Amino acid sequence: MIQTSEISTDHFYSKKVGDLHFRNLRTCPENTPIYQAAQWMSQEKISCLFVGDSNQQIKGFVTDITLRDQVLAKKRNHDIAIGEIMDRNIIYIRKDAYLYEALLMMFQTKTRYLLVKDGSEYVGWISRTKILTEQSQSPFIFIQSVKQALDIDELKEKWLQVPEIVHQLVTRGLKAEIINQIITTIADTITLRVIENTISEIGSPPAKFIFFVLGSEGRSEQTLKTDQDNAIIYEDKANEHREETREYFLDFADRISSALDTIGFSFCLGGFMAKNPKWTHSLSHWKRNYESWIRESTQETVLKYSTFFDCRGIYGDFSLLEELKSFMDLQLQNPTERFYINMGTNALQYEPPLTFFKNIRTFKIDGEKFFDLKKTMTPIVDLVRIFSLKNRVFETNTGKRIKHLQEKGVFSSKEAQELIHAYYYLMALRLEIQSLQIIKDHKTPENHISLHQLTKVQMVTLVEIFKVIKDFQLKIKIEFTKNIF
């Protein structure tokens, strides 16, 4: 059983109510019918509705529990005024009060909700669940709090907390593979909230579809330096509905990408995003894409295929993606010879930074020696992908791909172990460096690492890892490119 590391909670006792993303006030007049108030709560996705003529003239409030206990349990008429059942026990706390003070006040007054006051005005409200979630220690509880976030600002605030969580997990020795999964799950949860909110804004889609992610997120190997890699497949529609269907999904994709960019997932510089018309298509169009990428293989199409082979569904009808993968499986059973030659050449594009004298090859920035951790890891991702394609292993995660290839006898037990150890050692180092760049240096995370940041043990370990990668690249040269030089 995996024992997850705890996140430090010392900050809880210095954090103030104003630091919390409290909810905006939603009010209704005292004479509002109960059913209408319940409809508003459902539409706004809130568990507490305040009653009064304005935000500054609040007389009471109703909650989900109020509706259950005072209406359903007592079989009251849904047309009576909300004022007849509201709780009049209004309690507030100042915006500059500490969170622990708010929590103590809730326990003392036996209330689950507090109004937040800034000067003489009410500016929002907080719940006991919200505060408890903020101070909880488990990253899985944090993920639950992300699920409860309602708008872009709150989702952005959540994403800003992730570097601290990652740093805590890395320093406590949690496996990089698990940390990747936690980061990916948080990113997935944020994306799901954005998708749900977008559908709520523009209406239900006109066709079945799936929103899927690519690249590192598709492999569940996301780090803190991440951009958007996503696409959409929608079901084929009759001719008279094709244009309106496409128009909906392009608008849908543009809204999602813009929201994700605001939250902290920057636009992909290479344009591999659903907002790009090239990557939002019907299922039949996607099948034609995959067929042409395999049949008319070039270095350019191989790059696209490599990206889209690492794909994973996030939201929608998953059968659409499964059908596309089944079609891809059929295509891979009789590929052209140059397809794997080009794939092999692509997998050899990046070499580990190892000099002839077995030192680490670097580049200089302002006189300081660096090497690129991402490019150092890329050869492992690429070589494992090409062996997976050749052996029709459709797992997307690099670690899981290696294990499947070992089971098929493609890699020996020792080879699989070497690759897994190498990959996740580099991943742990990358996560640690990125989290420190954000937390301590207050800068955008990079994949560059300075040699002076490394210990002698780390230097020796990296050199050995680079040797392992070079040996596997030789295997690719022989098996896929027919070239040993």
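**View 1. The second largest pocket has a volume of about 550 Å³.** A pocket is, on a 1 Å grid over the protein atoms alone, an open set of points with protein on both sides within 12 Å along at least five of seven lines, and lining residues have an atom within 4 Å of a point; grid points are joined across faces, edges and corners, and a volume is the space filled by probe spheres set on them. Of the 20 residues that line this second largest pocket, Arg26, Glu44, Leu150, Asp151 and Asn197 are the closest to its centre. H7 gives the most to the lining, with 5 residues, and helix H1 (34–44), H6 and H9 are among the elements that each supply at least two; helices (H or I, at least four residues) and strands (E, at least two) are DSSP runs, numbered from the N terminus. The model is predicted, so that local features need pLDDT of at least 70 and side-chain atom pairs count only at pLDDT 80 or more, while totals for chains, interfaces and linings use all residues. Residues are numbered from 1 along each chain as its sequence is written, and side-chain values use heavy atoms, with hydrogens and water left out.

**View 2. The largest pocket has a volume of about 1,500 Å³.** Its lining comprises 46 residues, of which Ser216, Lys225, Asp227, Asp229 and Lys374 lie nearest the centre. The largest share of this lining, 7 residues, comes from H14.

**View 3. Helix H14 (residues 373–390) and helix H16 (residues 413–439) have axes that come within 10 Å and cross at roughly 150 degrees.** The axes are lines fitted to C-alpha atoms over the stretch in contact, with angles running from 0 to 180 degrees between N-to-C directions. H14 and H16 are therefore roughly antiparallel to each other, a term that applies to angles over 145 degrees. The contact (heavy atoms within 4.5 Å) involves, among others, Leu373, Lys374 and Met377 of H14 and Leu419, Tyr423 and Arg430 of H16.

**View 4. The largest cavity has a volume of about 80 Å³.** A cavity is a set of grid points where a 1.4 Å probe fits but cannot get out, and the structure holds 3 cavities of 30 Å³ or more. Of the 13 residues lining the largest cavity, Thr191, Glu217, Gln228, Asn230 and Leu260 are the closest to its centre. Helix H7 (176–202) and strand S7 (209–213) are the elements that give two or more residues to this lining.

Note on methods. Angles under 35 degrees count as roughly parallel, over 145 as roughly antiparallel, 65 to 115 as roughly perpendicular and the rest as oblique.
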